[in-house]
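Subject: A structure for you to explore

Hi there,

Here is the structure I promised to pass on to you. Have a look around it first, then read my notes below.

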Amino acid sequence: FFFLEPISQSNQSYVTEFILLGFSNLHEFQVILFMVFLVIYLIALIGNSLLVLVSSMDPALQTPMYFFLKSLSLMDIGYTTVIIPKMLTNFLSKNQNISFGGCAAQMCFSFFFGPAECLILTTMAYDRHAAICDPLHYSLIMNRRFCLQLALASWLSGIPVATVQTTMMFTLPFCGPNLINHFFCDGPPLLELVCTETFAFEVYSLTATVIVLMFPFGVIIVSYVHILITILKMSSAEGRRKAFSTCSSHLIVVSLFFGAASLTYFRVKSSYSPESKKLLSLSYTVFTPMLNPLIYSLRNQEVKGALKKILGKKIFSQELGSSDLRW
C-alpha cells in the first residue's frame with residue numbers, strides 16, 4: 001500500500017511529495033535543535049539497548065517483568081528510529097521534502113509501534129497485578145508460554161491498525177497544498193491536507209483510537225485499583241513499600257505515554273495551536289522513549305546491579321587484556 005497513488009479528481013493535481021515544516025519557524029536555532037535531538041536519540045538508543053542487554057544476560061533478570069521490559073525497550077528503539085533521523089536531517093537541510101511513499105511508510109511504522117507499546121504497557125500492568133494480587137499462583141499464571149503469547153500479541157497488535165489506517169489515509173485525494181505542519185507524517189496533520197469529505201475516516205480513526213488507546217488504559221487503571229486495594233490490606237510496612245516500588249516506574253511511564261497520546265488524539269481541533277500539538281507529540285514519540293530506560297534503571301536496584309556487574313566484567317576483561325599485552 002506504500003505505492004498507492006492519490007485519487008485523481010478533475011482540475012486537481014497529484015501530490016507526489018510532502019514538505020515537513022517541523023520546527024522551521026525556529027530557523028535561527030536549527031543547529032542547536034539538531035544537537036539537542038541528536039543527544040536525545042543517542043540516549044534513547046543507548047539506554048534502551050543497555051536494558052535489552054542486561055535483561056538478556058543477567059540470570060537475576062530472567063523474569064516476566066524484565067522480559068516485557070525488554071520488548072518495551074525494543075519498541076522504543078523502533079519508534080524513535082522511525083521519527084528522529086528524518087527530523088535530524090530536516091534540521092540541517094533546506095530540502096524538507098518527504099516522498100509520498102516515504103510519508104506513507106513513516107506513518108505506517110509509527111502506527112505499528114504506537115499500539116504495540118500500548119499493549120505491552122498493559123501486559124506489564126497485568127504482570128504486576130498477578131505478582132501482587134495472586135503471588136502464590138504467579139509462576140503458574142505467568143509461565144513462559146503465556147508470557148511469549150502476550151508479548152507476541154502486543155507486537156502483532158500494531159499490524160492491522162497500521163495497515164488499515166495508512167491504506168485509508170493514502171487512498172484519499174491530496175490536491176495541495178502539500179505542507180505538513182508537523183515533524184513527522186502523523187494522521188491529524190495529514191488529514192488537514194485531504195481535499196474531500198473525511199467523515200468516514202474520522203469515525204474509523206476515533207473508533208480505532210478508543211480501542212487501541214483507551215481500552216488498554218482502562219485495563220491498566222482497573223489493574224492498579226486492585227493492586228492498590230491489595231497493598232493497603234498488607235500488614236507489613238516493608239511489604240507495602242516493596243509493592244509500591246515495583247509499580248512506581250511503570251506508573252510513571254504509563255502516565256507520560258498515555259497522557260500525551262490522549263491529549264494528542266482526543267483533542268478538539270481548535271483547542272491547541274500547531275506548536276502545542278507538536279510538543280504533545282514530542283512527549284510520547286521522543287521524550288518518553290528516552291526517559292523509559294532512565295526511569296526503569298534509576299529507580300530499580302536490580303537493573304542498576306546488573307549494569308554494574310556487566311560493565312564491571314567488561315572493564316575487568318579490558319584491563320586483563322591490556323596487562324597481558326604489557327607482559
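Let me start with one serine. A polar atom of the S55 side chain lies 2.7 Å from the backbone oxygen of L51, and the backbone oxygen of V52 lies 3.2 Å from a polar atom of that S55 side chain. (A polar contact is a pair of N or O atoms within 3.5 Å; within protein, one must be able to donate a hydrogen and the other to accept it, and residues adjacent in sequence count only if both atoms are side-chain atoms.) S55 is found in helix α1; helices here are DSSP runs of H or I with at least four residues, strands are E runs of at least two, and both are numbered from the N terminus. Is S55 buried or exposed? S55 is buried, with a relative accessible area of 4%, where buried means under 20%, exposed over 50% and partly exposed in between, using a 1.4 Å probe and protein chains only.

Before going on, please note that this is a predicted model, in which local features need pLDDT of at least 70 and side-chain atom pairs count only at pLDDT 80 or more, while totals for chains, interfaces and linings use all residues. Residues are numbered from 1 along each chain as its sequence is written, and side-chain values use heavy atoms, leaving out hydrogens and water.

Now to the helix pairs. Helix α1 (residues 30-57) and helix α2 (residues 64-92) have axes that come within 9 Å and cross at roughly 160 degrees. (Axes are lines fitted to C-alpha atoms, for helices over the stretch in contact, and angles run from 0 to 180 degrees between N-to-C directions.) That makes α1 roughly antiparallel to α2; angles over 145 degrees count as roughly antiparallel, under 35 as roughly parallel, 65 to 115 as roughly perpendicular and the rest as oblique.

For helix α3 (residues 100-133) and helix α6 (residues 158-169), the axes come within 8 Å and cross at roughly 150 degrees. So α3 is roughly antiparallel to α6.

Next, a phenylalanine: F146 sits in helix α5 (residues 144-156) and is partly exposed, with a relative accessible area of 26%. F146 and P64 are 82 residues apart in sequence and 9.7 Å apart in space, C-alpha to C-alpha.

Finally, two spans to look at. Residues 66-84 are 100% helix and 0% strand, with end C-alpha atoms 26 Å apart. Residues 206-231 are also 100% helix and 0% strand, and their end C-alpha atoms are 36 Å apart.

Happy exploring!
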